[in-house]
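Reader: I am new to this structure and would like a close look at its inner spaces. Please take me through what lines them, and then through the parts around them.

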Amino acid sequence: MRLHASGDEKTKLPTIPSEANLHIQCGVCGHPDPSRLQVQRARNVTLRTSSAFLAGILIALAAVWQYGRLDASCLAIKGVNALYARVIPGTPEWHDYPPSPTNAFPDMFPTDVGYPGPTHAGAEPGVAATAPAYPMHSGSVHLVAPPAFAKGKGNSKPRDTRFDLFRSLGSLSPWYSVEPGTFGIDSSPEAPDTCRITGVHLLHRHGARYPADVTSASGPPGFASRLRAHAGRFTASGPLDFLNDWTYKLGQEGLTPFGRAQLFDLGVSMRMRYGFLLKNFTESNTLPVFRTESQNRMLASAQNFALGFFGYPFEDQYHQVITIESRGFNNTLAPYRTCANNDDPNKGWRGGGLQQEWMAIYLHKAVRRLQKHVNGMKLTVADVFAMQETCAFETVALGFSKFCELFTEKEWEGFDYAYDIGFWYGVSFGSPLARAQGVGYVQELVSRLTETPIETHNSSTNATLHNDITFPLGHSLYVDATHEVVVMNVLAALNLSSFAATGPLPSDHIPEIRSFRSAEVASFATNIQFQLLSCDSEPAPQIRVIVNDGVVPLHVLRGCPENAHGMCPVDAFVDAQKENIRRTDWAFACEGDWEVPEGWNTTVGYPDWM
């Protein structure tokens, strides 16, 4: 035997006698036999090779046996469980960051060491006031679309129109600048000739988030739960093969990295457009007051907006009001918390049944097509719809999703329309509660426009917070963060009826022309700009309503004339909104004992049968 040394370890391996030690002789002469020597050499080579191969097998078996003894959770921590244990499809896979670091020495990493060098701020930007064109927002930076979609008959888009998945995900779409004329006014948000912008009131939704409830029996978490329930029986093939080791990587409710970027970018965009309005605060020696509410994604959205708008550090550049979103607290940014009838599915979110009717129609072929690639689990319409939702949520959370390529363009248009149905009947012009839930914000808007405190708090307004400090009047810039459902409530409460021009949405087909699309008005980071102007061509101050860079017609309001740029005199706009407020009984809509009549429909967002 010989020894092979490696460091302090020595392993005994079998040795083969060298050629010099061989005593191979011919029968009688005592001299080595060349032919026998050649045979022995071949045997030696074979023996060496066989011994090495056998040793390798023994070492590999020992390693596998040793790893097999480890607990699966330990392997998961080491990140190698996929190599030694079969992944159960749908298993949650989450990463909690930051850790509790062992190298936390804050004194060694100061944020300010002095020596900043000479700096001085330049002039404030004002693209909306000075530029000949307006910067449009594509909305899908950082996101990767599927390389192809499933093949299917009957694409509903004309061949010369390029399908864009990220504009066909309903309220799960990223916000983007709609084309001029989308809402009926062929104008863009830059100040019209002879006009200058004097103020802006911005209402925006939070950025892209994770699904609402990881324990839900529906949606992406529900689909993941269904896969786990069929563990051991479920297998997938073909385009669904990735499901065999797919894990559920979505968190709960908080902003995704892309969602943070959306609000940061929105803040930068608004500073570039309206930064010059900050001069008014410098002259009055005051700071702007922005509002959001207490939900994690709402506060994070407001902070990321501020980071983009003001830059770091932003703490001393504005004041942030954080209202409480919870039952028992009046809040115009979350009015459904104090509207009792919103909890009744026949009143609040009453479009669920109609949405399911449409899902059964447009997903009929998809269910059959995908079932061919699944064994051990019967797919339902709800499963397949959840797969489409998973595409949307994974895309804005992870940047890309394999689920997206499972469906045809026509099926994605069906998904988009399913969200339209849900939002139309649930929180917008087809809901009996929309106007009442949005009227509190309209009261606040009128208060700001007229610089007059609200006298009677008879809706979701919070009298405690309506004071000179937390609800100041006379400012040229206001920013409020809210939810998409509230944006829909507000559009209905403002009576901007052009969004309802084509009437209630059917549940058995997609209308060829429809004035209401949730992707255009309720997307992640959707925003409404109430733009105030002073124009040489107009005798009185003007106001425009701009939704995702699309100008909304105001001549639908009593007293507002038709205008090529969508402008209306502020006084006429205020009078129209005061009339809307008078005609809206929040107590009756939200607390009244009433039932929706069979077959009833509306386009005004209010229980108008009364």
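Author: For sorting residues, Ala, Val, Leu, Ile, Met, Phe, Trp, Tyr, Cys and Pro count as nonpolar, Asp, Glu, Lys and Arg as charged, and the others, including Gly, as polar. The model is predicted, so local features are taken at pLDDT of at least 70 and side-chain atom pairs at pLDDT 80 or more, while totals for chains, interfaces and linings use all residues. Numbering starts from 1 along each chain as its sequence is written, and side-chain values use heavy atoms, without hydrogens or water.

There are two cavities of 30 Å³ or more (on a 1 Å grid over the protein atoms alone, a cavity is a set of points where a 1.4 Å probe fits but cannot get out, a pocket is an open set with protein on both sides within 12 Å along at least five of seven lines, and lining residues have an atom within 4 Å of a point). The largest cavity holds about 70 Å³ of space (the volume filled by probe spheres set on the points, which are joined across faces, edges and corners). Its lining is made by Arg291, Thr323, Asn330, Asn331, Thr332, Leu333, Glu444, Asn462, Leu465 and His466, and these divide into two nonpolar, six polar and two charged residues.

The second largest cavity, with about 40 Å³ of space, is lined by Val200, Leu202, Met270, Tyr274, Phe305, Phe309, Leu477 and Val479. Two or more of these residues come from each of β3 (195–205), α6 (257–274), α8 (296–310) and β8 (477–482) (DSSP runs numbered from the N terminus, helices being H or I of at least four residues and strands E of at least two). This lining has eight nonpolar residues, with no polar and no charged ones.

The largest pocket has a volume of about 1,400 Å³. It is lined by 45 residues, of which Arg209, Ala212, Trp349, Glu389 and Tyr419 are the closest to its centre, and α5 (219–229), α9 (352–362), α11 (381–398), α12 (409–427) and α14 (484–493) each give two or more residues to the lining. By class, this lining has 18 nonpolar, 16 polar and 11 charged residues.

The largest nonpolar core has 103 residues, with Leu243, Trp412 and Phe573 having the most contacts inside it (buried Ala, Val, Leu, Ile, Met, Phe, Trp, Tyr and Cys joined through side-chain atoms within 4.5 Å; buried is under 20% relative accessible area, exposed over 50% and partly exposed in between, with a 1.4 Å probe and protein chains only). Helix α12 gives the most to this core, 10 residues. Apart from this core lies another, of 29 residues, among them Ala128, Leu202, Phe310 and Leu533.

Thr194, in the loop between α4 and β3, is not a glycine and yet has a positive phi of about 75°, and its 42% relative accessibility makes Thr194 partly exposed.
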